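Reader: I am new to this structure and would like to go through it by question and answer. Please show it first.

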Amino acid sequence: MRSYLLFIAAIIGLLGLCFPAFAQGTAVGRAKTPPQRIVTVGAPATEIVYALGAGKNVVAVDITSTWPKDVQSLPRVGYMRTLAAEGIISLRPDIIIAIAESGPEAALDRLRELGVAVVLLPSLNRIENLPAAIDAVSSALGRDEAGAKLRKKVEGDITAIHALAGANNPEKEAKGRPENIVFLMSVGHGQPMSAGQNTTANEIIDLVGAENPMVDYEGFKPVSPEIIAANRADYVLVTSSTLDQLGGIAGLQASPVFGLHPAVARGHVLSVSASTILGFGPRSADEIRQIATRLHQFEADQ
């Protein structure tokens, strides 16, 4: 969906009443006073805002934002890549916090022209960008102290992940080769999706010190039952929503498609939240650290 031009002259006459950030003389960037009406676009952006304690000021989110539970009762502004400026304007926001992939650009430009501050975060398909994203949000919302605390926690989790996956880890050295992990996700009644390079799933596999056998292709793509049955990865990584949908590990093993994978039959299943697959937020680093720990437990039990 593409945005179209609004009635600029009429809107300009109302800006001082409708958009606090503009009334404060701030067209783009940090407002002079903390924003009171926030729209978040992208699950990681929403989670950062709530983690900084600004959730009470969020007036709408996009459809990918499902956490925390409070957001489920908020108005939706559509999908992060197909935003419509007029729908967002009707919510009278004074700031938009959005992930880098949000768009279309014309809709974001229209919001900026109307005086709404738009903060685009660095790409959160890479966890190394998460501390910078936290800094950007905390600065825009005037929550620098909370931002510093959150950044410190996230950096600690990332350091722990690197330690667990590090080349000097004696357990990994003893095994002589990294584990293989394949990502599979149930999508309705269609074929499962797997993840190649330049995906968050591939980044997670790399972060825990494993290798992705699907890395030869780009992005997410459907995989047939034959491919799943022939895959010899040591572990299968699925989304928690896939586990819920199929009835847990037992349901996964009973599935006529997922159950074909040898690692699933052995119970070598790791899980990650769907929101982390959409992009790395404040909970993601701790979640990946837990995956790395679980992987080590599996290896120790063998």
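Reader: Is Asn-198 buried or exposed?

Author: The model is predicted, so local features need pLDDT of at least 70 and side-chain atom pairs count only at pLDDT 80 or more, while totals for chains, interfaces and linings use all residues. Residues are numbered from 1 along each chain as its sequence is written, and side-chain values use heavy atoms, with hydrogens and water left out. Buried means under 20% relative accessible area, exposed over 50%, and partly exposed in between, with a 1.4 Å probe and protein chains only. At 58% relative accessibility, Asn-198 counts as exposed.

Reader: Where is Asn-198 found?

Author: Helices (H or I, at least four residues) and strands (E, at least two) are DSSP runs, numbered from the N terminus. Asn-198 has a positive phi, near 60 degrees, and is not a glycine. Most residues other than glycine have a negative phi. Asn-198 is found in the loop between strand E6 (193-195) and H9.

Reader: What is the phi of Arg-92?

Author: Arg-92 is found in the loop between H4 and E3. With 42% relative accessibility, this residue counts as partly exposed. Arg-92 is not a glycine, yet its phi is positive, at about 55 degrees.

Reader: Which residue does a cis peptide bond join to Gly-103?

Author: Most peptide bonds are trans. In the loop between E3 and H5, a cis bond with omega of about 5 degrees joins Gly-103 to Pro-104.

Reader: In what order do the four strands of the open sheet stand?

Author: Two strands pair if DSSP finds at least two bridges between them. Strand E1 (residues 38-41) pairs with E2 in the parallel sense over three bridges, and Ile-38 stands opposite Val-58 in E2. The pairing in this open sheet is parallel, and the order is E2-E1-E3-E4.

Reader: Which strands stand at the edges of this sheet?

Author: Neighbouring strands of the sheet are turned by 20 degrees against each other on average, direction ignored. A strand at the edge has a single partner, so one side of it is left without a neighbour in the sheet. The edge strands are E2 (58-61) and E4.

Reader: At what angle does helix H5 run to E4?

Author: Axes are lines fitted to C-alpha atoms, for helices over the stretch in contact, and angles run from 0 to 180 degrees between N-to-C directions. Contact means heavy atoms within 4.5 Å. Helix H5 (residues 105-113) lies across strand E3 (95-98) and E4, and its angle to E4 is about 140 degrees.

Reader: What covers the buried residues of H6?

Author: The buried residues in H6 are Leu-130, Pro-131, Ala-133, Ile-134, Val-137, Ser-138 and Ala-140. Their cover includes helix H3 (43-51), E3, E4, H7 and H15.

Reader: How far apart are the axes of H7 and H15?

Author: Residues of H7, including Leu-150, Val-154 and Ile-158, meet residues of H15, including Ala-285, Ile-288 and Ala-292. The two helices pack at an angle of about 20 degrees.

Reader: Which residues are linked with Arg-289 in a network of salt bridges?

Author: A salt bridge is a side-chain nitrogen of Lys or Arg within 4 Å of a carboxyl oxygen of Asp or Glu. Arg-289 forms one with Asp-157, at 3.3 Å between the closest N and O atoms, and one with Asp-286, at 2.3 Å. Asp-286 and Arg-289 are three residues apart in helix H15, which means a separation of about one helical turn. The residues linked with Arg-289 in the network are Lys-153, Asp-157 and Asp-286.

Reader: How many residues apart in sequence are the parts that Glu-203 and Arg-126 tie together?

Author: The side chains of Glu-203 and Arg-126 meet in a salt bridge of 2.8 Å, N to O. Glu-203 is buried at 7% relative accessible area, whereas Arg-126 is partly exposed at 40%. Glu-203 lies in helix H9 (residues 200-207) and Arg-126 in the loop between strand E4 (117-120) and helix H6 (130-140), so the parts tied together are apart in sequence by 77 residues.
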